[in-house]
Amino acid sequence: MRGEYKVPGGKLVVVDLEVVDDRLADVHVSGDFFLEPDSALEDIDAALTGMPADTKADGLAAAIEGALDDSVALIGFSPQAVGIAVRRALGRATGWADHTFDVIGPTVLDPVMHMALDEVLPQEVAAGRRNPLLRIWDWDASLVVIGSFQSVRNEVDQEGAQRHGIRIARRISGGGAMFMEPGNCITYSLVVPTSLVEGLTFEQSYAFLDDWVLGALADVGIAARYVPLNDIASDAGKIGGAAQKRFAAGAVLHHVTMAYDIDADKMLDVLRTGREKLSDKGTKSANKRVDPMRSQTGLARDAVIEALLAHFRQRYDTVEGAYTQAELDAARELTETKFLTPEWTHRVP
């Protein structure tokens, strides 16, 4: 059995092994990483040999850590990376290459429908009724989207929102508020099986699932980087932020909103935290627009979106997808029974 894991920003770890009587046997770790002293590689192999085959990645990492003393330097990889490679060898964890992804391009819907689809689609992926997927949001109305645990009163100036005709809705993932008007930002949702992030901490999974978009942004001239816990930034400032929701059924929702060209004055009028949001996007004056993607690429929003999708299609195995009528019907019902109800929107006052 063979498993591979490429550390985001690091090196490739490869594990070859057998399973005998439900235990790991003949384990050999290799890769393009650096390790000092050389003899520590034998210690890593020995630490894994004999471990129960159902040991989780964290347990495998702990066994490796227990076998190494403080003089050992692992460069470009970690015990946890080895644990993930072992789990992939056993078929308990998966890599990007193990999946075919549906790609759903921009489809104009009410933005609350997109929020509801973020609850419907992970259930479909977990049940095996749909491939893992990448989809781009597009919308025809303005909306303030607050994180699952945010206070409406603390985050939103409700009089300002009413004055501009902007609704307020709560999403199912944590994180901060999003100020959404048609065409002002680029939002995508990535839905994957839990097996793809097997062995990763929440922080590691953010970097892992955002890695492709950093490459896509480079294609359009933005030297972007991941900033823990959940931000994407360039030297000119913050570009966007990610949020996640893990479903017990076996799927992970990872969605990202990147600012394309936001009306800073209006955002300040609606979001109480607007000044802080502007400061980390490199905007010093409310009279300016928050436009990191437009100004740094010089491209129209549609062109940036197409570049993102092209990079994803080139990097992974994909097929063109679309929402089914059943998915849209389920999302529409959720908007009425959950996402547009005062009980959900104001569950944190």
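A: Helices (H or I, at least four residues) and strands (E, at least two) are DSSP runs, numbered from the N terminus. The model is predicted.

Start with the loop between E2 and E3, where Asp22 is found. Asp21 lies there too, with strand E2 covering 12–20 and strand E3 covering 23–31. Most residues other than glycine have a negative phi. Asp21 has a positive phi of about 55 degrees, and it is not a glycine. Asp22 is not a glycine either, yet its phi is positive, about 65 degrees. Are these side-by-side residues buried or exposed? Asp21 has a relative accessible area of 71%, so it is exposed. Asp22 has 62% relative accessibility, so it also counts as exposed.

Other backbone exceptions occur elsewhere. Most peptide bonds are trans. The bond between Glu36 and Pro37 is cis, with omega about -5 degrees. Pro37 sits in the loop between strand E4 (34–36) and helix H1 (40–48). Pro228 and Leu229 are also joined by a cis bond, with omega about 0 degrees. Leu229 belongs to the loop between strand E12 (225–227) and strand E13 (231–234).

The chain divides into domain 1 (2–90) and domain 2 (96–346). Their contact takes 9 residues from domain 1 and 8 residues from domain 2. The C-alpha centres of the two domains are 35 Å apart. The area buried between domain 1 and domain 2 is about 670 Å², with carbon and sulfur atoms giving 49% of it. Pro8, Gln80 and Arg88 supply 54% of the area that domain 1 buries against domain 2, more than any other three residues.

Polar links cross this interface. The rule finds 1 salt bridge between domain 1 and domain 2. Glu198 forms a salt bridge with Arg87, with closest N and O atoms 3.0 Å apart. There are also 3 residue pairs in polar contact across the interface. On the side of domain 1 that touches domain 2, helix H2 (57–67) and helix H3 (79–89) each supply at least two residues. H3 gives the most to that side, with 4 residues.

The packing follows. The largest nonpolar core has 66 residues, and Leu24, Leu48, Val82, Trp212 and Met258 touch the most other members. Helix H7 (residues 202–219) gives the most to this core, with 9 residues. The core draws at least three residues from each of domain 1 and domain 2. Beyond its neighbours within four places in sequence, Met258 contacts Cys185, Ile186, Tyr188, Val213, Leu217, Ile239, Gly240, Met293 and Leu308. Another core of 29 residues lies apart from it, including Leu117, Val120, Leu143 and Leu253.

Thr187 is in strand E11 (residues 185–193). Thr187 has a relative accessible area of 2%, so it is buried. Its side chain makes a polar contact of 2.8 Å with the side chain of Thr257. Gln325 lies in helix H12 (residues 325–339). With 51% relative accessibility, Gln325 counts as exposed. Gln325 and Val7 are 318 residues apart in sequence, and their C-alpha atoms are 39 Å apart in space.

Conventions. Residues are numbered from 1 along each chain as its sequence is written. This is a predicted model: local features need pLDDT of at least 70, side-chain atom pairs count only at pLDDT 80 or more; totals for chains, interfaces and linings use all residues. Side-chain values use heavy atoms; hydrogens and water are left out. Buried means under 20% relative accessible area, exposed over 50%, partly exposed in between (1.4 Å probe, protein chains only). A polar contact is a pair of N or O atoms within 3.5 Å; within protein, one must be able to donate a hydrogen and the other to accept it, and residues adjacent in sequence count only if both atoms are side-chain atoms. A nonpolar core is a set of buried Ala, Val, Leu, Ile, Met, Phe, Trp, Tyr and Cys residues joined through side-chain atoms within 4.5 Å. Domain bounds come from an automatic or database domain assignment. Contact means heavy atoms within 4.5 Å. Buried area is the accessible area (1.4 Å probe) that two parts lose on being put together, summed over both. A salt bridge is a side-chain nitrogen of Lys or Arg within 4 Å of a carboxyl oxygen of Asp or Glu.
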